[in-house]
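Dear colleague,

I am passing on the model we spoke about, with its sequence and coordinates placed just below. My notes on it follow, and I would be glad if you read them with the structure open.

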Amino acid sequence: MALGTETPQQQAGRRKPRGTASRNRARNGGPRIGSHIFLLILVIYFITPLWWLTVASTKDTAGLFGGSGGPLWFDNEFHFFSNVQGLFERQDGIYWRWLGNSFLYAISGGVGATVLAVLAGYGFAKYRFRGRTAFFGILLGAVMVPLTALVIPTFVLLSEVGLVNTIWAVILPSLLSPFGVYLMRVFAQESVPDELLDAARIDGAGEFRTFLQIALPLLRPGIVTVLLLSVVGTWNNFFLPLAVLTDPLLLPVTVGLNGWTALSNAGSGGEALWNLITAGAFISIIPLIIAFLSLQKYWQGGLSLGSLK
Amino acid sequence: MATTTAPTSSHRADVPQKADHRPDRNYRRRQRWGWLFVAPFALIFVTFLILPLAFAFRMSLFTNTLAAGTDFVGAANYVKAFTDPIFLQGLGTVAKFALIMIPAQMIVALLAALVLDNLATWASKFSRLMIFVPYAVPVVIGALMWGFLYSPRFGPASNIFNLVGLAAPEFLSQDNIFGSLVNIVTWQWAGYYMIIIYAALRGIDPGIYEAAVLDGASDRQIAARIKIPMISSSLVMVIIFALIGTLQFFTEPQVLRAVAQGAIPVSYTPNMYAFSLAFSYSQFNYASAISFALGIVVFVFSFFFLFLTRKQSGLK
């Protein structure tokens with residue numbers, strides 16, 4: 001079944017008659033109140049925690065424990081900006097350093113992994129080189145290797161070459177994305193016609209120029225999808241930086257905030273940083289949410305690509 | 001091949017597509033470019049996948065003690081792992097999570113996708129995005145957030161339950177922590193799976209069920225008899241993702257551990273066990289064996305699942 005491997009263009013082509021069909025059915029079946037109530041319940045479930053975080057980021061610690069508005073509504077006092085100021089003051093603004101580190105790791109790891117995946121996916125899709133089948137078979141098997149199982153061996157390997165506790169310890173392993181290669185191969189096969197490549201070759205373009213000027217523009221929706229997936233993967237990563245980084249100045253925001261939580265929970269010896277944690281968590285989730293909302297026309301089609309053939 | 005394409009475009013006759021049988025030197029030489037395209041990835045693949053795996057495997061065959069130094073022990077670490085009650089209990093825990101959590105995520109994702117596929121309203125578009133948004137939240141932040149929400153000190157649970165005159169359940173107690181973790185994971189991932197399933201549903205040619213509509217089939221019948229079978233390959237993929245993710249469960253329990261004091265042991269899941277062996281007890285050899293053993297278990301389970309569903313996924 002090759003359903004899942006259609007390019008977004010094909011899907012867009014099919015969507016037209018579909019819209020009228022479902023409108024006709026909607027007309028016959030009423031306004032579908034039941035469906036909308038079901039969706040409303042789902043939306044409330046999925047949004048409540050984020051709403052809570054938004055509200056919590058505007059409270060000070062006392063407000064978090066028992067503010068006038070309750071946990072799900074704003075207090076009389078608005079502390080968001082003083083919380084942000086607290087983030088600048090706490091340990092000389094280490095939070096912003098963490099956020100910067102997260103950006104650095106996610107962008108360099110994500111972009112790097114995407115470049116490698118696009119090149120390799122195109123190579124697998126469009127050339128019949130020796131060893132191709134064997135390598136691709138191993139790669140498919142590797143998709144099923146749990147990446148966390150690699151963390152401890154990677155830590156030991158990196159410490160042998162003295163890279164533990166450097167930014168490379170997070171960035172280099174993040175470049176590995178077998179699933180991205182698989183997605184790009186499927187996408188290149190479907191959306192880059194051989195005829196077009198041959199025409200470019202006849203016109204005298206070299207192999208690499210053919211790739212850059214002909215194939216790359218056609219691959220754009222797939223590239224955005226793989227880029228988003230790998231940026232999210234690196235941004236999300238917790239186990240790897242937790243294992244390979246101990247220098248507080250190198251931590252990504254996820255590990256840093258988790259440390260603050262452990263500190264605040266430590267009881268009498270710990271310090272209560274709750275208001276900084278909620279404000280910090282709130283600020284840290286904004287960039288990715290914006291990225292997803294603004295790039296939705298790319299990834300919505302692209303995410304279905306991975307279906308097995 | 002060449003004969004069939006020749007009439008349509010003249011230049012393709014001398015650039016055959018599948019010319020394994022044709023001694024065309026230009027064509028053959030060009031195929032080597034494939035390696036150049038694949039080479040950068042291959043380098044990373046070998047360095048950060050093959051090498052760590054080989055290294056972990058080698059390490060797992062030795063023990064390292066202060067008294068005796070490094071000793072070759074063969075499969076002893078694996079015998080120890082697969083008879084280690086803590087590791088086996090961890091495996092049991094993630095197996096239990098797999099049995100509960102994967103169906104929970106699938107039901108939410110599939111139902112949402114099927115409902116959304118039937119609607120073309122402003123509200124349905126908005127709902128689709130809102131259901132997906134948790135995927136953009138880092139898992140650590142998601143777990144921290146739920147930790148706050150579960151907490152009797154900060155969370156809204158007591159307010160909500162008091163409204164109907166009930167005491168709020170202790171989400172972070174030993175008895176309830178399992179369900180609390182299932183809820184966090186479902187919240188985080190169901191939207192992502194929903195989008196994949198939804199995209200597959202949109203890929204079905206509506207002509208296929210127009211006949212069923214004319215015959216008076218209900219939406220429910222169309223969903224069960226036509227739509228779900230048509231997207232089975234996407235469903236298999238989503239379940240594989242969920243299975244691999246669940247068996248290496250780490251981040252959520254690790255984060256909640258700090259909040260739910262005493263409810264989550266340090267070796268709750270195999271990955272947490274390996275982590276504490278390595279970084280709290282410096283038992284890197286045994287930790288490697290645990291990691292490797294977990295990798296094998298995940299790999300075997302995924303393959304077994306793919307084998308069972310080979311008909312649905314089309315991987316015959």
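The buried residues of helix α9 of chain A are A:P178, A:F179, A:G180, A:V181, A:Y182, A:L183, A:M184, A:R185, A:V186, A:F187, A:A188 and A:S191, where a residue is buried if 20 or more other C-beta atoms lie within 10 Å of its own, exposed if 12 or fewer, and partly exposed in between, with C-beta atoms placed from the backbone. This is a predicted model, in which local features need pLDDT of at least 70 and side-chain atom pairs count only at pLDDT 80 or more, while totals for chains, interfaces and linings use all residues. Residues are numbered from 1 along each chain as its sequence is written, and chains are lettered from A and ligands numbered from 1 in the order in which they are written.

Helix α9 of chain A covers residues 178-191, and 12 of its 14 residues are buried, so that the helix is mostly covered. From its first C-alpha to its last it reaches 20 Å, close to the 20 Å expected at 1.5 Å a residue (the expected span is 1.5 Å times one less than the number of residues). Helices here are DSSP runs of H or I with at least four residues, and strands are runs of E with at least two, numbered from the N terminus. The buried residues of α9(A) pack against α5 (94-126), α6 (132-143), α11 (207-218) and α12 (220-236) of chain A, and also against α3 (33-59) of chain B; two residues are in contact if their C-beta atoms, placed from the backbone, lie within 7 Å.

The contact between the two chains takes 91 residues from chain A and 97 residues from chain B. On the side of chain A that touches chain B, helix α2 (residues 33-56) of chain A gives the most, with 12 residues. By class, that side of chain A has 56 nonpolar, 21 polar and 14 charged residues, where Ala, Val, Leu, Ile, Met, Phe, Trp, Tyr, Cys and Pro count as nonpolar, Asp, Glu, Lys and Arg as charged, and the others, Gly among them, as polar.

In chain B, helix α9 (residues 177-202) has 26 residues and reaches 37 Å from its first C-alpha to its last, close to the 38 Å expected. Because 22 of the 26 residues of α9(B) are buried, this helix is largely enclosed by the rest of the structure. There is a kink of about 35° in α9(B), centred on B:W189, the bend at a residue being the angle between axes fitted to the seven residues ending there and the seven starting there.

B:A260 is found in the loop between α13 (251-259) and α14 (270-279) of chain B, and it counts as buried because it has 23 C-beta neighbours inside 10 Å. Leaving aside residues up to four places away in sequence, B:A260 touches B:L172 and B:I177. The C-alpha atoms of B:A260 and B:L172 are separated by 5.1 Å, although these residues are 88 residues apart along the chain.

Finally, the domains, whose bounds come from an automatic or database domain assignment. Chain A is divided into domain 1 (32-78) and domain 2 (91-306), and 31 Å separate their centres, taken over C-alpha atoms. The contact between them takes 8 residues from domain 1 of chain A and 7 residues from domain 2 of chain A.

With best wishes
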